[in-house]
Amino acid sequence: MDLKTCYEELGGDYENVLGRLSREQLVEKFMLKFLNDKSYSQLVETMEAHDVEEAFRAAHTLKGVCQNLSFSKLNGSSVQVTEALRAGDYDAAVQLMPQLTDDYQTVVRAIESYKASKEV
């Protein structure tokens, strides 16, 4: 799998991220680092604890990472959760979490598939 195909699978904007980072090697480097990013797990943990303030921070961090990497679909769902939490609307954020989780899992699967294709 090539990097552009990976971005198509994860619902991202390859041309945008390539324009921002200039080199495919940098895109790959930072995309692979996403697998170790803790903002999603922190979001889930703080949502389960009903800690709106910390959940907002985690969602906001995830949103920023997604914007920088042009993970468009995951960025969209993380923006929605971030804004619900910014408004203090925990219930709305809870309702939006399944979509964010689906989008997150799609990104992780695509990156893991890309990574596995490079290891062969």
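In the predicted model described here, A84 is placed in helix α6, where helices (H or I, at least four residues) and strands (E, at least two) are DSSP runs, numbered from the N terminus. The relative accessible area of A84 is 10%, and the residue is therefore buried; buried means under 20% relative accessible area, exposed over 50%, and partly exposed in between, with a 1.4 Å probe and protein chains only. Residues up to four places away in sequence being left out, A84 touches D89, A92, A93 and L96, a contact being defined by heavy atoms within 4.5 Å. The C-alpha atom of A84 is separated by 34 Å from that of E24, and these two residues are 60 residues apart along the chain.

Helix α6 also holds V81, which counts as buried at 0% relative accessibility. Not counting residues up to four places away in sequence, V81 touches L43, A59, A93, L96, M97 and L100. Between V81 and T5, which are 76 residues apart along the chain, the C-alpha atoms are separated by 27 Å. A further residue of helix α6 is S72, for which a relative accessible area of 38% gives the class partly exposed. With residues up to four places away in sequence not counted, S72 touches G11, G12 and D13, and the C-alpha distance from S72 to Y14 is 9.6 Å, at 58 residues apart in sequence.

Residues are numbered from 1 along each chain as its sequence is written. The structure is a predicted model in which local features need pLDDT of at least 70 and side-chain atom pairs count only at pLDDT 80 or more, while totals for chains, interfaces and linings use all residues, and side-chain values use heavy atoms, with hydrogens and water left out.

Taken along the sequence, the chain follows the pattern α-α-α-α-α-α-α, with seven helices and zero strands in its secondary structure. The radius of gyration of the chain is 14 Å, which agrees with the value near 14 Å that a compact globule of 120 residues would have; the radius is taken over C-alpha atoms, and the globule rule is 2.2 Å times the number of residues to the power 0.38. The C-alpha trace spans about 45 × 25 × 20 Å along its principal axes. Of the 120 residues, 38% count as buried, and among contacts with a separation of 6 or more, 65% are accounted for by residues 24 or more positions apart.

In soluble globular proteins, nonpolar side chains tend to be buried together.

Beyond its neighbours up to four places away in sequence, Y7 touches G12, D13, Y14, V17, V27, M31, L69, S70 and F71. Apart from neighbours within four places in sequence, V27 is in contact with L3, Y7, V17, L18 and L21.

Most residues other than glycine have a negative phi. S70, in the loop between α5 and α6, has a positive phi of about 55° although it is not a glycine, and this residue is buried, with a relative accessible area of 5%. S22, in the loop between α2 and α3, likewise has a positive phi, of about 75°, without being a glycine, but S22 counts as exposed at 56% relative accessibility.
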